[in-house]
Amino acid sequence: MNEIRESPSASLPSAPSRPGGHFHGHRVEQQGVRALFPLDRAVFHVMNEAYVEGAQGGYMEPWEFPTGLTVKDFCVALGIRGGITECHDTGDGKWKKGQTFLPGDSRAEKKLEEVGWVAGRGFNSKPVWVVVQD
């Protein structure tokens with residue numbers, strides 16, 4: 001007997017409406033398409049040097065990334081061609097320089113979690129602050 005069964009997903013709520021498209025060559029969510037994100041994620045505040053210096057033209061964008069990505073893949077996903085430098089917010093508008101990763105650096109092949117950017121950063125503790133080297 002051929003009986004038609006309702007799909008289990010038919011009872012799920014509708015996905016929120018989101019624009020689809022591309023960002024630096026990577027596909028972003030499409031309207032009506034659901035996404036499942038890894039549980040091991042961290043929040044990264046990506047900024048330029050002008051932001052750190054408090055100058056005009058500064059920008060800071062928060063991003064959520066899976067910590068299983070490599071530093072290289074992180075940079076590629078954001079369209080970063082130069083390197084990145086981790087910064088630590090010491091308060092009062094002051095920053096302490098952390099580790100730097102440059103294109104072609106063998107350390108950029110390490111996973112985010114292997115360089116200390118572990119799951120939960122930005123959720124349970126301070127986010128990872130990185131400066132883009134243009």
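Visitor: Before we start, what counts as a salt bridge here?
Guide: A salt bridge is a side-chain nitrogen of Lys or Arg within 4 Å of a carboxyl oxygen of Asp or Glu. Please keep in mind that this is a predicted model.

Visitor: OK, how many salt bridges turn up in the whole structure?
Guide: The search finds 3 salt bridges. One of them joins E64 and R41, whose closest N and O atoms are 2.4 Å apart, and this pair links distant parts of the chain, with E64 in strand 4 (residues 60–66) and R41 in strand 3, 23 residues apart.

Visitor: What about E109, which residue does its side chain meet in a salt bridge?
Guide: The partner of E109 is K72, at 3.9 Å from N to O.

Visitor: Why is E109 classed as partly exposed?
Guide: Because its relative accessibility is 49%, and partly exposed covers the range between the buried limit of under 20% and the exposed limit of over 50%. K72 is also partly exposed, with a relative accessible area of 44%.

Visitor: And which residue does D105 meet?
Guide: The side chain of D105 forms a salt bridge with that of R107, at 3.5 Å from N to O, and R107 is partly exposed at 31% relative accessible area.

Visitor: Switching topic: what order do the elements come in?
Guide: From the N terminus they run β-β-β-α-β-α-β-β-β, which makes 2 helices and 7 strands.

Visitor: In what sense do strand 3 and strand 7 pair, parallel or antiparallel?
Guide: They pair in the parallel sense, over 4 bridges, and V46 stands opposite V130 in strand 7.

Visitor: On to the largest nonpolar core: which residues touch the most other members?
Guide: Those are F44, V71, F74, I84 and W117, out of 19 residues in that core. Strand 3 (41–47), helix 2 (71–78) and strand 7 (128–132) are the elements that give two or more residues to the core, and helix 2 gives the most, with 5 residues.

Visitor: What is F44 in contact with, beyond its sequence neighbours?
Guide: Leaving aside residues within four places in sequence, F44 is in contact with E61, P62, W63, F65, F74, L112, W117 and V128.

Visitor: And V132, buried or exposed?
Guide: V132, which is placed in strand 7, is buried, with a relative accessible area of 8%. Not counting residues up to four places away in sequence, V132 touches V46, M47, E49, Y59, I80, G83 and I84.

Visitor: Last one: what share of the protein's residues count as buried?
Guide: Of its 134 residues, 27% count as buried. The accessible surface of the protein comes to about 9200 Å², and 52% of that belongs to carbon and sulfur atoms.

How values were computed:
Residues are numbered from 1 along each chain as its sequence is written. This is a predicted model: local features need pLDDT of at least 70, side-chain atom pairs count only at pLDDT 80 or more; totals for chains, interfaces and linings use all residues. Side-chain values use heavy atoms; hydrogens and water are left out. A nonpolar core is a set of buried Ala, Val, Leu, Ile, Met, Phe, Trp, Tyr and Cys residues joined through side-chain atoms within 4.5 Å. Buried means under 20% relative accessible area, exposed over 50%, partly exposed in between (1.4 Å probe, protein chains only). Contact means heavy atoms within 4.5 Å. Accessible areas come from the Shrake-Rupley method with a 1.4 Å probe; for residues, only the protein chains shown count as cover. Two strands pair if DSSP finds at least two bridges between them.
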